[in-house]
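Have the model open beside you as you read.

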Amino acid sequence: MSNKLIAYIGILGVSLFAIAAIVGPLLIDDYSVVSQYISESFAINTAYGRYLQYMGYVPSGILITIFCFSAPKYLPSSKLVLAGFLGLALFYGLGTILVGLFPCDAGCPTNVLDSSLSQLIHNAMASLTYMFFPICLIGIGLGLKKKEDYNRLSQIAMITGIISGIFIFSLFSDPDSGYRGILQRIIETCFIVFIVSTALRIKKDTASVN
């Protein structure tokens with residue numbers, strides 16, 4: 001695939017995620033973006049949950065997986081960059097697919113004893129994704145740090161990795177926080193910023209070659 005196509009795949013992938021995350025809450029009365037998880041907008045009992053799953057999160061995860069598996073081919077050769085993107089493909093890309101296929105129960109409870117199998121799979125994948133996400137970003141940032149002309153993308157990877165790590169720690173410390181919705185959305189925004197920045201850099205390299 002061409003650089004430009006890969007760039008568009010990455011941007012489309014995170015765009016579908018962002019659109020689903022914005023539209024979902026608008027379809028539910030009394031939904032709070034401050035205190036409710038994104039997953040609660042497509043929980044098992046929600047009226048439009050399946051549309052958000054199969055038109056938003058699942059295709060988003062597929063596109064993100066393709067982008068993250070492909071991106072290292074268009075960036076400077078580095079074991080850290082390769083490992084970081086493979087980690088994002090496995091945990092964020094495939095994780096988004098599984099989270100979409102296995103929605104949480106009503107209210108997305110964190111108590112294991114009150115959870116269905118779908119909820120357990122959902123929580124397990126979400127937890128793994130957030131555990132490895134900042135590590136992958138920081139690894140990519142370190143891998144690009146000494147590469148000529150990639151300082152800006154390296155800085156974006158490092159900054160979004162550190163910021164997301166801080167908010168993930170806060171979320172894990174109190175998963176029932178009244179601000180969990182905001183915390184999660186900041187984390188997801190970090191990912192979107194990084195993917196879009198990487199995609200634009202790949203596309204820019206294509207333009208410079210032409």
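Predicted model: local features only at pLDDT ≥ 70, side-chain atom pairs only at ≥ 80, totals over all residues.

## Helix 4 and helix 5

Helix 4 and helix 5 cross with a left-handed sense. Their contact comprises 16 nonpolar, eight polar and one charged residues.

Helix 4 covers residues 117–145 and helix 5 covers residues 151–173; their axes come within 8 Å and cross at roughly 155°. Angles over 145 degrees count as roughly antiparallel, and helix 4 and helix 5 are therefore roughly antiparallel to each other.

## Helix 2 and helix 3

Now turn to helix 2 (residues 49–70) and helix 3 (residues 79–101), whose axes come within 8 Å and cross at roughly 165°. Helix 2 and helix 3 are therefore roughly antiparallel, and their crossing is left-handed.

On the helix 2 side, the contact residues include Tyr54, Tyr57, Gly61 and Phe69. Helix 3 contributes, among others, Phe85, Leu86, Gly93 and Leu101. By class, this contact of helix 2 with helix 3 holds 16 nonpolar and six polar residues, with no charged residues.

## The chain as a whole

For 210 residues, a compact globule would have a radius of gyration near 17 Å, and the chain agrees with its 17 Å. Buried residues make up 49% of the chain. Of the contacts with a separation of 6 or more, 71% join residues 24 or more positions apart.

Notes: Residues numbered from 1 in each chain as written. Heavy atoms only, no water. Axes fitted to C-alpha atoms, helices over the stretch in contact; angles between N-to-C directions. Helix = DSSP H or I, 4+ residues; strand = E, 2+ residues; numbered from the N terminus. Parallel < 35°, antiparallel > 145°, perpendicular 65-115°, else oblique. Left-handed = near helix turned anticlockwise from the far one by under 90°. Nonpolar A, V, L, I, M, F, W, Y, C, P; charged D, E, K, R; others polar. Contact = heavy atoms within 4.5 Å. Rg over C-alpha atoms; globule rule 2.2 N^0.38 Å. Buried < 20%, exposed > 50% of the residue type's maximum accessible area, 1.4 Å probe, protein only.
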